[in-house]
Structures are given as structure tokens and as C-alpha cells.
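Here are my notes on the model you sent over.

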Amino acid sequence: MSRDHRKLEVFQLTDQLVAEVYKITAMLPNAERFGLQSQLRRAAVSVATNIVEGSARRTTGEYCHFLYIAHSSAPETSYLFTVCVRLGYLPESSAAALANGYDRASAMLLRLIASIG
């Protein structure tokens, strides 16, 4: 059963957040290009892409599995923003706004999973 991920509010949110993550992580020092910048971008993209991949799966169990992976990547992304702030790489206000977006996405994913399963 194919589902249209584009209709999900949580996908729309995480898709928007990915663009913002790419913009803000461009501010990180060059020394972090293969460290925090790469990890943050991969975690951010993972949230949205796992929603997409899960939506294309045939069974509800598979769909939920990928939504759980997306859910796990959301707090990872949020945490990485706190690391960037603590290291002085990003302004707290910008990083906090993005971290809050991923916290919101995490909660939305749990509600979606609960409504399906």
C-alpha cells in the first residue's frame, strides 16, 4: 500500500527543516566539514527520507519501522545542535529554533505511529 508522504504534516515540517539545516551548517568551521556538519546534515536528511521510504513500503509494520527510524534521527539532530552551541559554533537562538523543530517532529512521529499501529 503506497502512502503519499507529501500529505503528512510531519514530512512537510522535516522537509523544510532540512533546507534550514543546510543553511545554518554552512556557518560551521571548515574543520567540522567532515564532523559535525556532515553528521548534522545526515541526521536531518534521515528524518525526512525515512518518512518517504516508509511511506513507500507495503505493510503497516514496515511503514512504522521506518517512522521509528525517522523518530530516532530527530532527537539526534536536536542533540547535535546543542553540541554546536556548547562549542560556540552556532548562535543559541538559531540552533534552539531548529532543535525545537526536531523535537516537535519527534512528537509528531510518535503520534503518527500511535494512530497507525
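1. Start with Cys 64. This residue sits in helix α3. Bear in mind throughout that the model is predicted. Cys 64 is buried, since its relative accessible area is 10%, and the cut-off for buried is under 20%.

2. Next, the cysteines and their bonding. A disulfide is a covalent bond between the sulfur atoms of two cysteines. How many disulfides does a search of the whole structure find? The count is zero. Cys 84 is buried, because its relative accessibility is 0%. Cys 64 is buried too, at 10%.

3. Helix α3 against helix α4. Two packed helices are described by the angle between their axes and the distance between the axes. Helix α3 covers residues 60-86, and helix α4 covers residues 92-116. Their axes come within 9 Å. The crossing angle is roughly 165°. That angle makes α3 roughly antiparallel to α4, because angles over 145 degrees fall in that class. The crossing of α3 past α4 is left-handed.

4. What lines the contact of α3 with α4, by class? There are 18 nonpolar residues. Five polar residues and two charged ones are also part of the contact.

5. Ala 96 belongs to helix α4. Is Ala 96 buried, exposed or partly exposed? Its relative accessibility is 32%, so Ala 96 counts as partly exposed. Phe 81 is 15 residues from Ala 96 in sequence. In space, the C-alpha atoms of Ala 96 and Phe 81 are 7.3 Å apart.

6. Helix α1 has contacts to describe with two other helices. Take α4 to begin with. Helix α1 spans residues 9-25. The axes of α1 and α4 come within 10 Å and cross at roughly 155°. The pair is therefore roughly antiparallel. Here α1 passes α4 in a left-handed crossing.

7. Now α1 with α2. Helix α2 runs over residues 36-55. The two helices pack at an angle of about 165°. Their axes are 9 Å apart. So α1 is roughly antiparallel to α2. The crossing of α1 and α2 is left-handed.

8. Asn 50 is worth a look within helix α2. Leu 67 lies 17 residues from Asn 50 in sequence. The C-alpha atoms of Asn 50 and Leu 67 are 6.4 Å apart in space.

9. Salt bridges. Side chains of opposite charge can pair when their charged atoms come close. How many salt bridges does the count come to? The answer is four. One of them joins the side chains of Arg 6 and Asp 4, with 2.9 Å from N to O. Arg 6 is exposed, because its relative accessible area is 55%. Asp 4 is partly exposed at 30% relative accessibility.

10. Which residues are linked in a network of salt bridges? They are Glu 53, Arg 57 and Glu 62. The side chains of Glu 53 and Arg 57 meet at 2.7 Å, N to O. Arg 57 also forms a salt bridge with Glu 62, where the closest N and O atoms are 3.7 Å apart. That pair counts because the cut-off is within 4 Å.

11. Glu 53 is partly exposed, at 34% relative accessibility. Arg 57 is partly exposed at 27%. Glu 62 also counts as partly exposed, at 30%. These values fall between the limits of under 20% for buried and over 50% for exposed, so the label is partly exposed.

Conventions: Residues numbered from 1 in each chain as written. Predicted model: local features only at pLDDT ≥ 70, side-chain atom pairs only at ≥ 80, totals over all residues. Heavy atoms only, no water. Disulfide = S-S within 2.5 Å. Buried < 20%, exposed > 50% of the residue type's maximum accessible area, 1.4 Å probe, protein only. Axes fitted to C-alpha atoms, helices over the stretch in contact; angles between N-to-C directions. Helix = DSSP H or I, 4+ residues; strand = E, 2+ residues; numbered from the N terminus. Parallel < 35°, antiparallel > 145°, perpendicular 65-115°, else oblique. Left-handed = near helix turned anticlockwise from the far one by under 90°. Nonpolar A, V, L, I, M, F, W, Y, C, P; charged D, E, K, R; others polar.
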